[in-house]
Amino acid sequence: MPSMTAITGWSMAGIAAIGAAVAGDLPYHAPDRNAGTPAMQTPLEDDMGRPKPLELPKDVEAKLGGIEKAKVDFLKSGVTGRYVEKDALFDRIRKGDAQEISAYIAAMQALHAQVEYKAGRDAASIPLDTRSPWFNAWKAKRSGALDPRRAAGPIELTRYVGGWGGGFATFAGAPVAMTPEDLKAGKVDVAIVGAPLDMGSGWRNAIDGPRAMRMTGGAAGNDMYSMINPNAALKIVDYGDIAIDQNSTERSVDHVREMVGEIAKTGAIPIVIGGDHSLEYPNVAAAADVHGKGNVSVIHFDSHYDIGRGRVHLLDHGQPVYRVISEGHVRGSDYIQVGLRARGPDLETFGWMRNKGMRYHTMVEVEKWGWDKVMARALKEARENTKKLWISFDVDVLDPAFMPGTGTPVPGGLTMREAQPIMRNLCAQNDIAGIDIVEVAPYLDTSYKTALNSNFLLNACLAGIAMRKKGLKPGYLNPVSVDHGLDTYYGKKN
C-alpha cells in the first residue's frame with residue numbers, strides 16, 4: 001500500500017503535528033510534502049479575509065523609492081490582494097513611472113475606504129419596525145383552546161382505506177401531528193417537518209422543496225432491499241411546516257432551532273425537509289441543545305464545503321458549518337464531510353479545515369479508494385467521540401443527472417444507486433439525532449426526478465431507522481430480494 005506521504009503529500013508525523021497544534025500543545029510547523037505537491041497554507045485564525053503582509057520583490061521596492069510612505073505601507077499590508085492579484089500588481093509597478101504608480105495606489109486606497117464597514121456611515125443591520133402589531137405573528141402558535149377539543153395523538157388525513165391519494169398530501173403518506181403532545185401520545189419514532197427557508201441562497205425556489213416532496217410519491221411504502229415497510233415498522237408523522245420569515249434568515253433560523261428542538265425533546269427523530277442549507281446551522285444547534293454540546297457528530301453530504309466566513313451576512317447556505325463549529329455545538333473533529341468536489345476549498349481553506357480537526361472526504365478520495373472504504377472511514381470517525389449522529393444531506397452531492405433541481409449543481413457526483421444504500425446503512429448503524437435533506441428546488445427541474453429521487457432517499461433513511469429498531473445488522477439484505485431461491489446458482493439455496 002502506498003504511504004500516507006505518497007497519497008497526500010503529508011507525512012504521518014505532519015498529520016500528528018496538525019492534531020497537536022489544534023489541541024494547542026505545540027506550535028504548528030509545515031509537514032513534509034512531495035516535491036510536486038503545492039505548499040499547504042495553514043492559517044490558524046478563523047477570519048480568512050484578514051490580509052497577510054505582502055513581501056515586495058527588490059526591484060518593485062526600488063521602484064517605490066519616490067512614493068510616499070503611507071502608500072508603500074498600504075501595499076505591504078497585503079490588503080491589495082482583495083483587488084488585484086500580486087503578480088499583476090508587481091507588473092504594473094514595474095512598468096509605471098512614479099506618477100502612474102502613485103495614482104494606481106491612490107485608486108486602490110480610495111476603493112478600500114469604501115468597501116469596509118465604517119461606523120456612522122454604514123448600517124450594521126436592517127432595522128425592524130417594532131411598532132408593528134404583527135411583529136411575532138408569523139411564528140406565534142395557535143392555542144389549542146381555539147380549536148375543537150380532541151384527544152392528543154397523530155391525525156390520519158386519508159379518506160379511503162386503500163389506494164393512493166384521496167386526502168391531503170403528507171410526507172411519506174404519514175398522519176399529521178401538530179403539537180409535542182401529539183408526538184408523545186402517539187409514541188412517534190420519526191417526525192418529518194418542512195422548513196421552506198429560501199433566503200440563504202442566490203438561487204431561489206428551495207421554498208418549494210417540502211411542497212414538492214409531499215406531492216411526489218416515493219417516501220412511503222416498502223423498501224425492497226430490506227423488505228421493510230417503514231410506515232408499518234415505525235410511527236411516522238408529518239409535523240407540518242415550520243414558520244419562515246422569508247425576509248430574514250436570521251429571524252427564521254432561531255424559530256427553526258426551537259421547533260427542531262421541540263421534536264427532539266419528545267424522543268422522536270426530527271427529519272427536516274428544506275429549504276436551503278442555511279438550515280444545517282439551526283438543525284444541528286437544536287440537536288446539541290437537546291443532547292448536549294459535543295455529544296453529536298455530523299456527517300455532511302455536499303459537493304460544497306459550506307464553511308464560508310467573513311461574508312457580510314453571518315449566515316447563508318454556504319456558511320452553516322462554520323457557525324456550528326465556531327459556536328461550539330459540534331467539535332471540528334466530529335464534523336465529517338463527504339462528496340466534496342466543487343471548485344473550492346482552496347489550499348488555504350483545506351489548511352483551515354485541518355487545523356480545526358475536520359475530517360473531509362472528497363470525490364477525489366472516492367475515486368481512489370471507492371465508496372465502501374471511504375464510508376467505513378467516515379463512519380469510524382463519526383463514532384470516535386459521540387453516540388448521536390446528525391446527517392445533513394445537500395441534494396447537490398448527487399450528480400445533476402439525478403438532481404437537476406438544485407441551485408448549485410456540480411457534475412461528477414453520486415448516483416442514486418450509490419446514495420440509497422449509503423443512507424440506508426448509515427441510518428441502520430447509528431443512533432440518529434436527526435436528518436436534513438436540503439436544497440431541493442423543483443422549479444429548476446423540467447422533470448419531476450429531483451423530488452422523486454429525494455423521496456426515495458427519504459425512504460432509504462426511514463428503512464434504515466426501521467432496520468435498527470428491528471435489530472437487523474447493517475448491510476442486511478432480505479434473501480427473498482437477493483435471489484429467487486429456485487436453484488443454487490450462487491451457492492447455498494436461500
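1. Let me start with Gly 275, which sits in the loop between β3 (269-274) and α11 (280-291). Elements here are DSSP runs numbered from the N terminus: helices are H or I with at least four residues, strands E with at least two. The peptide bond leading from Gly 274 into Gly 275 is cis, and its omega is near 15°. A cis bond also joins Gly 344 and Pro 345, with omega about 5°; Pro 345 belongs to the loop between β5 (335-340) and α13 (347-355).

2. A word on the basis of these notes. The model is predicted, so local features need pLDDT of at least 70 and side-chain atom pairs count only at pLDDT 80 or more, while totals for chains, interfaces and linings use all residues. Residues are numbered from 1 along each chain as its sequence is written, and side-chain values use heavy atoms, with hydrogens and water left out.

3. Two backbone angles deserve a look. Met 227, a residue other than glycine, has a positive phi near 55°, and its place is in the loop between α8 and α9. Its relative accessible area of 38% makes Met 227 partly exposed; the scale is buried under 20%, exposed over 50% and partly exposed in between, with a 1.4 Å probe and protein chains only. Asp 306 has a positive phi as well, near 60°, in the loop between β4 (296-301) and α12 (320-326). Asp 306 is buried, at 7% relative accessible area.

4. Which residues of helix α5 are buried? In this helix (residues 86-95) they are Leu 89, Phe 90 and Ile 93. They share one side of α5, because they cover an arc of only 95° around the axis, taken from the directions from the helix axis to the C-beta atoms. An α-helix has 3.6 residues a turn, so residues three or four places apart point the same way. The cover over the buried residues includes α3 (58-63), α4 (69-76) and α6 (98-115), contact being heavy atoms within 4.5 Å.

5. On to the charges. The whole structure holds 26 salt bridges, each a side-chain nitrogen of Lys or Arg within 4 Å of a carboxyl oxygen of Asp or Glu. One of them pairs Arg 424 with Asp 223 at 2.9 Å, N to O. Arg 424 is in helix α16 (residues 416-429) and Asp 223 in the loop between α8 (209-215) and α9 (230-233), so this pair ties together parts 201 residues apart in sequence. Both Arg 424 and Asp 223 are buried.

6. Glu 384 and Arg 359 form a salt bridge too, their closest N and O atoms being 3.1 Å apart. Glu 384 lies in the loop between α15 (371-383) and β7 (388-394) and Arg 359 in strand β6 (residues 359-362), so the parts tied together are 25 residues apart in sequence. Glu 384 is partly exposed at 42%, whereas Arg 359 is buried at 19%. Within helix α15, Glu 381 and Arg 377 stand four residues apart, about one turn, and their side chains meet in a salt bridge of 3.5 Å, N to O. Arg 214, Asp 238 and Asp 241 are linked in a network of salt bridges.

7. Asp 208, in the loop between β1 (190-195) and α8, is buried at 8% relative accessibility. Leaving aside neighbours within four places in sequence, Asp 208 is in contact with Pro 442 and Tyr 443. Asn 453 is part of helix α17 (residues 449-470) and is buried at 13%. Not counting residues up to four places away, Asn 453 touches Phe 402, Met 403 and Met 416. The C-alpha atoms of Asn 453 and Met 213 are separated by 9.3 Å, though these residues are 240 apart along the chain.
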